[in-house]
Amino acid sequence: MDRHEFGRRLADAARGMSETRHPADALERVATMAVELIGPCDVAGVCVLRPGRDDTCAHTHDSLQTMDDLQHALDEGPAMSGHRTVDVISVADLSRDAPWPRWGTEVAEKTGVRAYLGFRLFVDAESLGMLNLYAYEPGAFDHADQLDGLVVAAHAAVALSAAVAQDQMHTALGSRQLIGEATGILRERFALTSEQAFAVLKRLSSQQNIKLFAVAQHVVDTGTLPGAADQPPAAQPG
């Protein structure tokens, strides 16, 4: 693919990603775009980094889930090591020279992929995830593919960041609405002020070590307070 065609297709893909309204949709587009734009790439997946775990949220082939399951089973692989802070990871042959020998060998045997190219997805200094590219041919990826992949990963990171931010905004708005409904229920039922009703929700959240959103959800769903008699805690602010 010449540079003009690469640029045109990348621009089209980036516009498509910018139209997504949910992180899962953005991830699906990223994985598909990688296979379309990086010539030697046969299958691709996007791994979102979360505290304590790494989840594959999108992939172009079921074998990607097998690869990620092996990472967790062996505690070894691209997402299980310090390489997540490196911008690019390239392995010519997973069956021979992977920095994760057990994982690389089993992946090659179980899925047939040999070459690996991984990119960290990030904006500012915070890692959002990894874009993982695989090829069945050993040594399939060259330096040009690494440069093209970096461009794809940069666009992907921006789109993913925007989608995550939008999803979080909608979640926050939903939480505020639910807490408002729960506050109204307590205010009417127990003749409390809005401040007192909200203080009840916060106190139960702290005492029972559950999220404020979960307390509000229980009140809205059942009309009662979670884990307590059907009355607000005695000590209320005036």
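**View 1. The buried residues of helix 3.** Ser63, Leu64, Met67, Asp68, Leu70, Gln71 and Leu74 are the buried residues of helix 3 (buried is under 20% relative accessible area, with a 1.4 Å probe and protein chains only; helices are DSSP runs of H or I with at least four residues, strands are E runs of at least two, and both are numbered from the N terminus). They cover an arc of only 155° around the axis, so they sit on the same side of helix 3 (the arc is taken from the directions from the helix axis to the C-beta atoms). As a reminder, an α-helix has 3.6 residues a turn, so residues three or four places apart point the same way. This is a predicted model, with residues numbered from 1 along each chain as its sequence is written; local features need pLDDT of at least 70. Side-chain atom pairs count only at pLDDT 80 or more, while totals for chains, interfaces and linings use all residues, and side-chain values use heavy atoms, leaving out hydrogens and water.

**View 2. Helix 3 from end to end.** Helix 3 covers residues 63–74, and at 1.5 Å a residue its twelve residues should span 16 Å (the expected span is 1.5 Å times one less than the number of residues). The end C-alpha atoms are 16 Å apart, which agrees. Next comes Asp75, with a positive phi near 55°.

**View 3. Helix 3 against helix 4.** Helix 4 is residues 101–111, and it packs on helix 3 at an angle of about 150°, the axes being 10 Å apart (axes are lines fitted to C-alpha atoms, for helices over the stretch in contact, and angles run from 0 to 180 degrees between N-to-C directions). That makes the two helices, helix 3 and helix 4, roughly antiparallel to each other (angles over 145 degrees). On the helix 3 side, Ser63, Thr66, Met67, Leu70, Gln71 and Leu74 make the contact (heavy atoms within 4.5 Å). Helix 4 brings Arg102, Trp103, Glu106, Val107, Lys110 and Thr111.

**View 4. Thr183 and its contacts.** Thr183 belongs to helix 5, residues 143–190. Thr183 is buried, at a relative accessible area of 8%. Skip its neighbours within four places in sequence, and Thr183 is in contact with Ser194, Ala197, Phe198 and Leu201.

**View 5. Helix 6 and the residue after it.** Helix 6, residues 194–207, has 14 residues and reaches 20 Å from its first C-alpha to its last, close to the 20 Å expected. Its buried residues are Gln196, Ala197, Ala199, Val200, Leu201, Leu204 and Ser205. Asn209 follows helix 6, and its phi is positive, near 55°.

Notes:
Buried means under 20% relative accessible area, exposed over 50%, partly exposed in between (1.4 Å probe, protein chains only). Angles under 35 degrees count as roughly parallel, over 145 as roughly antiparallel, 65 to 115 as roughly perpendicular and the rest as oblique.
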